[in-house]
Amino acid sequence: MGRVENKVALVTGAASGIGLASAQLLAKEGAKVVLADFNVEGAKEAAAELKAQGFEAEGVFLNALEEQSIKDAVEYTVDTYGKLDILYNNVGGTNLHKDLDVVNLDLAEWDRLMDLNLKSVLLGSRFAIPHMQKVGGGSIINTASMAAFASDAIRSAYGTSKAGVVHLTKYIAKQYGKDNIRCNAIAPGLILTPAAKNSLPQEMLDIFTKYNALPYNGEANDIGYGVVYLASDESKFMTGQTLEIEGGHYQANPTTADLAKFTK
Ligand SMILES: NC(=O)c1ccc[n+]([C@@H]2O[C@H](COP(=O)([O-])OP(=O)(O)OC[C@H]3O[C@@H](n4cnc5c(N)ncnc54)[C@H](O)[C@@H]3O)[C@@H](O)[C@H]2O)c1
């Protein structure tokens, strides 16, 4: 018996990285999974691989910047598998060339990132909740980021939108808790998804490792296991929370790594 046996899940941004790893783990734990992504070929390929291994999965197109497309992905899930128990609002991202400091950031990019990272969570939840109410409950999981809690020299829109995700998670938890719908978020630290590995030079990855409490960086499955926990009934008394999965990176005074030589 899998940990999410017979549940139906929709995962957004599931063709790559954290979304893909989470969709694969949910399927292996018994869920029927719809993988939704802008990269529909990637989503369908990943679903086909899961099916070839004997699991239940389908891929579908999603543009998380469009309300109708989000609605369509939710309806496709219900039409395909008859219900919706788990929604993982995972799509998100930034643009390091445009999402800069407050004086210099591109305002159109600010709006786009609010839509991509925050409004997509609102809309996914809005369309999923009535279906969850029909089956007596469900679990909504949102991908936030540790950027929601700690500021940065750039990425002002990204961090602010992810802080919104943390707070919206609490609103959904409060508003639909009595319907047995739980809503939690995960705040990843640096996770070595293909996108992160391709865009960050080794020297930068080493700086992240230096400031982690643990001696390594995170992998997509580290978040995926958190998703399975929040999706399953194992977390049935947990709602409104943000699980920080970040290697202890943000849990100490930031000067600690540099001051270590004085305290040895
Ligand atoms: N990787 C990290 O270090 C890290 C850290 C903190 C938070 N996060 C968050 O985790 C989530 C997943 O990140 P990832 O690193 O796995 O990214 P990724 O780039 O590997 O995957 C993102 C997926 O989303 C899809 N996508 C992008 N825009 C879309 C759109 N408009 N509509 C539909 N699909 C779209 C892409 O095609 C891709 O498959 C994001 O919300 C990100 O902000 C990542």
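The model is predicted, so local features need pLDDT of at least 70 and side-chain atom pairs count only at pLDDT 80 or more, while totals for chains, interfaces and linings use all residues. Residues are numbered from 1 along each chain as its sequence is written, and side-chain values use heavy atoms, with hydrogens and water left out.

Let's start with the ligand. Around it are 27 residues, of which Ser16, Ile18, Asp37, Tyr158 and Ile191 come nearest; a residue belongs here if one of its heavy atoms lies within 4 Å of the molecule. By class, this shell has 13 nonpolar, twelve polar and two charged residues. In this sorting, Gly counts as polar, and Asp, Glu, Lys and Arg count as charged.

Now look for polar contacts, which are pairs of N or O atoms within 3.5 Å. A polar side-chain atom of Tyr158 lies 2.7 Å from an oxygen atom of the ligand. Taken alone, the ligand exposes 830 Å², and the protein buries 84% of that (Shrake-Rupley method, 1.4 Å probe).

Finally, turn to charge. Side chains of opposite charge can pair when their charged atoms come close. A salt bridge is a side-chain nitrogen of Lys or Arg within 4 Å of a carboxyl oxygen of Asp or Glu, and the count here comes to seven. One of them joins Glu234 and Arg3, at 2.8 Å from N to O.

Note on methods: A polar contact is a pair of N or O atoms within 3.5 Å; within protein, one must be able to donate a hydrogen and the other to accept it, and residues adjacent in sequence count only if both atoms are side-chain atoms.
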